[in-house]
Amino acid sequence: MLKSNSTPVRAVAIWNGLLMRFPALIFLLALCCGLGSGCSEGVTRPTAATVLSVKGTVVFGMAEQNNFQPVTRESRIHDGDMVRTSDGALLSLGLIPTALAQMSSNSEIKIEELRISKDGNQTEGGIRSRSTRIRLNRGKITVLFTRRDRIGALFAIITPSVTITADSDCSFCVQSDGTTTRLTCARGNVYTSSSAQPSVAIGAGYFQQWPSGRAEPMAASDDAAAQIDVVDSLEIGDQLSELQSGWQNRRPF
């Protein structure tokens, strides 16, 4: 019993001796262990959409609280916010550095998710992934998605009929009246999924509408409205790129 009880006592004595003789060494070891564990874990946090340009009357806010306010160049739009454009209004947004969007007039979206994942103790850089998910309730939105680096990025638009995702360079527009949804791809590829149809990849120069009896996308060259959508999407994409370049000189993401 005496031998058994003396073992923890000796251990404590040895540890106390080390603390007294080498306090700086013990502190450095503890600090290194803390930094190592902090850097190894990713930290996910919400971010905000940035207003690149606004024309006409546009409001945003929490629909549940009915506290809408006008959108300005200084507005920061977060998770849970609803955004509405009035007749004749336009709004260009930087959702994440890889995803830019323009809302047409008489449109409504809800920001479901805007998040970035970073290395634990990194204050600049160290980004692991970015994710954006928005819900298009009505109207039209045009998107420019560009993979500028190898950082993982997920972009999704949810409509009543279909979910649209992008993970590589593309430009497209989506329209919805709450019942039907129409997607036209102007550049790259986008992917769709719905409960009624299997996942479909839609390439540049093709469009699809839901609900629809056709499972395959249709050529935009066979549809006058789709041709206009392709041209408009490419032009808006160029405008968004220019707006982002000017905004980055003002305040980075």
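Start by selecting Leu-95: beyond its neighbours within four places in sequence, Leu-95 is in contact (heavy atoms within 4.5 Å) with Ala-48, Ala-49, Ala-101, Ile-111, Leu-114, Thr-132 and Phe-155. You are looking at a predicted model, in which local features need pLDDT of at least 70, side-chain atom pairs count only at pLDDT 80 or more, and totals for chains, interfaces and linings use all residues. Residues are numbered from 1 along each chain as its sequence is written, and side-chain values use heavy atoms, with hydrogens and water left out.

Next, bring up the largest nonpolar core, which has 37 residues. Such a core is a set of buried Ala, Val, Leu, Ile, Met, Phe, Trp, Tyr and Cys residues joined through side-chain atoms within 4.5 Å, where buried means under 20% relative accessible area with a 1.4 Å probe, protein chains only. Leu-95, Ile-141, Phe-155, Ile-157, Phe-172 and Val-190 have the most contacts inside this core. Strand β10 (residues 127–145) gives the most to it, with five residues; strands here are DSSP runs of E, at least two residues, numbered from the N terminus.

Now select strand β2 (residues 49–55), which pairs with strand β7 (residues 90–96) in the antiparallel sense over five bridges; pairing takes at least two DSSP bridges. Ser-53 has Ser-92 of β7 as its bridge partner.

Last stop: Glu-113, in strand β9 (residues 108–119). Is Glu-113 buried or exposed? Glu-113 is buried, because its relative accessible area is 19%. Its side chain makes a polar contact (N or O atoms within 3.5 Å, one able to donate a hydrogen and the other to accept it) with the side chain of Ser-131, at 3.3 Å.

Key. Helix = DSSP H or I, 4+ residues; strand = E, 2+ residues; numbered from the N terminus. Buried < 20%, exposed > 50% of the residue type's maximum accessible area, 1.4 Å probe, protein only.
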